[in-house]
Amino acid sequence: MSPTTFATGSPGSPSGQDALTRDALTVLQPGFTGTTAPDWLLRRLGEGLASVGLFGRNIVSPGQLAALTAQLRAEHEDVLVAIDEEGGDVTRLEVRTGSSFPGNHALGAVDDTDLTRQVAFALGRRLAECGVNFNWAPSADVNANPSNPVIGVRSFGADPDLVARHTAAYVGGLQTAGVAACTKHFPGHGDTAVDSHLSLPRIDADRSLVDTRDLAPFRAAIAAGSRAMMSAHILVPVLDPDLPATLSRSVLTGLLRDELGYDGLIVTDGMEMRAIAGTYGIEHGSVLALAAGADAICVGGGLADEETVLRLRDALVTAVRTGELPEERLADAANRVRALARWTREAAAEAEGVDGTSPEPLGRTSRAGGTDRVDGGIGLVAARRALTTTFAGPYDPPTQSVYVAAFTPVANIAVGDETPWGVGAELARLLPGTETGTFAGDSAGASALAVAGTRRIVAVVRDEHRHPWMTAALDILLTTRPDTIVVEMGVPQSPPRAVLHIATHGAARVCGRAAAEVIAGGRQRRNTLS
């Protein structure tokens with residue numbers, strides 16, 4: 001499709017783009033491949049594109065990321081540079097090493113909103129230092145369904161009040177660092193058993209339950225001043241019997257704008273996700289989303305090329321020309337994007353000199369020169385506090401290398417399979433010679449026993465309650481080798497039943513480090529049950 005299909009060539013506009021075409025570019029949030037910006041992306045930034053989404057494939061190091069964002073700003077000073085950096089299991093900054101910050105579920109387990117604010121501030125400061133000013137986080141979903149395949153430890157928990165107060169704290173911490181928060185996934189993705197990356201989930205709850213459970217954290221985010229909200233590709237019949245939230249005027253305009261009084265930017269979840277792309281297509285879906293009240297179209301996690309940008313740009317312009325999308329709605333959406341860009345510039349200036357520390361210290365772990373902060377920063381402080389350790393009896397820490405059996409489920413698409421997880425690397429640091437093997441399926445337990453030999457076994461699981469084969473594998477290990485240590489790095493629903501059971505409430509690198517410290521005989525005092 002020609003790059004100038006709908007340009008009328010108004011004399012004063014860059015690249016001969018008319019206002020309509022420029023607005024159509026402004027509302028897109030595309031991605032790209034590579035660690036430097038391609039020429040086509042820089043050219044579109046000059047023509048009105050106002051946002052760019054970054055993913056793990058675009059990031060090698062903080063220095064490279066800072067150079068990349070500077071390259072983008074050389075073409076468009078006020079560009080929104082967005083990222084999906086939740087911390088915990090979902091990290092793009094540290095996609096190849098695992099995150100230095102625990103995720104939401106660990107923070108919810110501690111239930112210290114000041115700690116949550118400090119973690120969000122520290123993560124936001126790291127983003128800002130690299131030139132990223134818009135974070136598709138936090139997840140405000142109430143994880144009401146323990147079998148949820150896509151939310152899980154990305155949620156602060158299953159209690160709406162807890163999720164609400166930590167969502168507000170996270171928004172405050174992130175935005176104090178000068179990074180716009182994008183609270184997701186409205187109106188709440190927690191009570192689903194289907195991953196919207198793969199198909200369209202449906203939540204059959206009555207309106208009172210939606211109000212008291214799912215919407216409570218979003219009300220808190222609005223009160224905290226969240227600059228953006230991300231819609232969910234879910235069908236909630238009590239809100240709209242026909243259309244998923246992303247495409248529903250009843251949900252985005254009627255509920256979010258009019259009823260809840262939200263006036264910030266509304267962003268769609270990735271339009272190439274099958275819940276939308278497989279039912280409406282990304283072009284028609286994008287038109288419907290904007291008509292429903294969305295202001296920005298997120299695309300680029302899977303489709304990351306110039307053709308996608310041009311297809312969507314031209315689809316929006318055509319929809320305006322044919323009357324399917326009111327021109328004033330597109331203009332309003334583009335103006336909201338530009339307004340957020342202006343806010344990020346002002347917020348970045350205000351964030352200079354803000355240290356993000358709490359008015360009251362968090363005990364000994366919060367002292368700026370204290371051992372814990374020097375040892376690993378606020379992320380490690382939080383990960384250590386989040387541990388729940390259960391001892392079935394006297395515990396003898398291993399004094400030599402162990403064998404780590406990682407029982408590994410298929411990673412959901414939001415998390416991805418690039419990011420390492422577990423405790424093997426950290427245990428190898430503390431107990432040299434430690435090795436790790438990955439196992440899955442019905443033979444996992446027997447295979448792990450065979451490979452481990454006489455070495456003591458540390459079994460690492462992720463959401464054991466969702467995977468019967470993991471339970472069977474642990475049954476075999478604990479029966480044959482009663483001294484097996486179990487580390488649960490997902491949502492801890494299955495009862496502890498090992499000589500030492502550690503629930504980390506997430507699989508971030510710092511969570512693995514915190515667990516490894518306990519296994520090796522240190523830091524056993526926290527949250528200990530007997």
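The model described here is predicted. Beyond the helix comes Gly178, which has a positive phi near 90 degrees.

It is worth a look at how α6 sits in the protein. The helix is mostly covered, with 12 of its 17 residues buried. Among them are Leu162, Val163, Val171 and Leu174, and the buried set also takes in His166, Thr167, Tyr170 and Gln175. Pro160, Ala164, Ala169 and Gly173 are buried as well. In an α-helix there are 3.6 residues a turn, so residues three or four places apart point the same way.

The sheet comes next. Six strands form an open sheet in the order β2-β3-β4-β5-β6-β7, and their pairing is parallel. Its edges are β2 (51–54) and β7 (265–267), each of which pairs on one side only. Within the sheet, β3 (residues 80–83) and β4 (residues 134–135) run parallel and are joined by 2 bridges; here Ala82 stands opposite Phe134 of β4. Helix α6 packs on this sheet, where it touches β4 and β5 (180–186). The direction of α6 makes about 150 degrees with that of β5.

Conventions. Residues are numbered from 1 along each chain as its sequence is written. This is a predicted model: local features need pLDDT of at least 70, side-chain atom pairs count only at pLDDT 80 or more; totals for chains, interfaces and linings use all residues. Side-chain values use heavy atoms; hydrogens and water are left out. Buried means under 20% relative accessible area, exposed over 50%, partly exposed in between (1.4 Å probe, protein chains only). Helices (H or I, at least four residues) and strands (E, at least two) are DSSP runs, numbered from the N terminus. Two strands pair if DSSP finds at least two bridges between them. Contact means heavy atoms within 4.5 Å. Axes are lines fitted to C-alpha atoms, for helices over the stretch in contact, and angles run from 0 to 180 degrees between N-to-C directions.
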